[in-house]
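Student: I'd like to go through this model with you, a piece at a time. Could you keep the definitions in view as we go?

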Amino acid sequence: MEPNQPQSLIITRVRDQASSTRSFDLRSHEIHRSHGIKFIPGQVAVLRVEGEAPAYFAFASAPDDEDLEVLVKQKAGASNIIFDMQVGQTVELVGITGHGFSLDEQKHRDLVFVAMGTGVAPLRSALRHVLKQKGEFGQLVVLYGARTPDDFCYRDETEGWEDAGVELRQVISRPDGHDWSGPTGYVQSLLDHVLPTLSSPVALICGSTEMIDQTCERLVKMGFKSDEILTNY
């Protein structure tokens, strides 16, 4: 799934998403999007800007969306440079990595998307792909955790997910000082509330290494087989 050669991508839209996090829509200069850069939901773009080492950003868009989209959290290196870039500027796609989510193999199964923080990017990629063929899958459940309510990305889209029949549950780990009436704790704590109602669930997990390990351990204890627990990388 690697591009044959580095490709220049132009920034077509920038949106503030959460605390120190922005989404960037990107389009290829050289070729029409629909016939160009191909990837599997959950895969990761390797982006480069001048003077910095390449950095890794999971695709937040579905493979057949018109533009590519990534979430960028303001950090060091290339992330810090890209975070301040504007529409019309360019970045370079030098690779696509990770195995992504094998969604075609999960048809007619219930899907439980478990994400923390900017880990929602590959989750959104997979969810947008699934929603375009919703009749091919069972129940769709999104469990999304963040530190505070301000750290949730794509807040303008979550209502649309629910309108499409997705069960959305959100949790924050640092409620102090915030107007929040929902559950608190870590996202994996939500598993106990939704899994008993599902008949054939498959879990898709996106987040930090620690969160993924803890979630996988919890799912195994709940009876999940290894091929029913999917990670994107």
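Student: What is the bridge partner of Gln7 in strand 6?

Tutor: In strand 6, Gln7 has Leu93 as its bridge partner. Before going further, please keep in mind that this is a predicted model, in which local features need pLDDT of at least 70, side-chain atom pairs count only at pLDDT 80 or more, and totals for chains, interfaces and linings use all residues. Residues are numbered from 1 along each chain as its sequence is written, and side-chain values use heavy atoms, with hydrogens and water left out.

Student: How many bridges join strand 1 to strand 6?

Tutor: Strand 1 (residues 7–18) and strand 6 (residues 90–97) run antiparallel and are joined by 4 bridges, and Ser8 stands opposite Glu92 in strand 6. Strands here are DSSP runs of E with at least two residues, helices are runs of H or I with at least four, and both are numbered from the N terminus. Two strands count as paired if DSSP finds at least two bridges between them.

Student: And which strand order does that sheet have?

Tutor: The open sheet has 6 strands in the order 4-3-6-1-2-5, with antiparallel pairing. Strand 4 and strand 5 stand at its edges with a single partner strand each, so one side of each has no neighbour in the sheet. The twist averages 45° from one strand to the next, where axes are lines fitted to C-alpha atoms (for helices over the stretch in contact) and angles run from 0 to 180 degrees between N-to-C directions. Strand 3 (residues 44–48) also runs antiparallel to strand 6, joined by 5 bridges, and Val44 stands opposite Thr97 there.

Student: What about the largest pocket, how much space lies in it?

Tutor: About 1,200 Å³ lies in the largest pocket, and of the 40 residues that line the pocket, the closest to its centre are Met116, Thr118, Gly119, Gly207 and Ser208. A pocket is an open set of points on a 1 Å grid over the protein atoms alone, where a 1.4 Å probe fits, with protein on both sides within 12 Å along at least five of seven lines, and lining residues have an atom within 4 Å of a point. The volume is the space filled by probe spheres set on the points, which are joined across faces, edges and corners.

Student: Which helix gives the largest share of the lining?

Tutor: Helix 5 does, with 5 residues.
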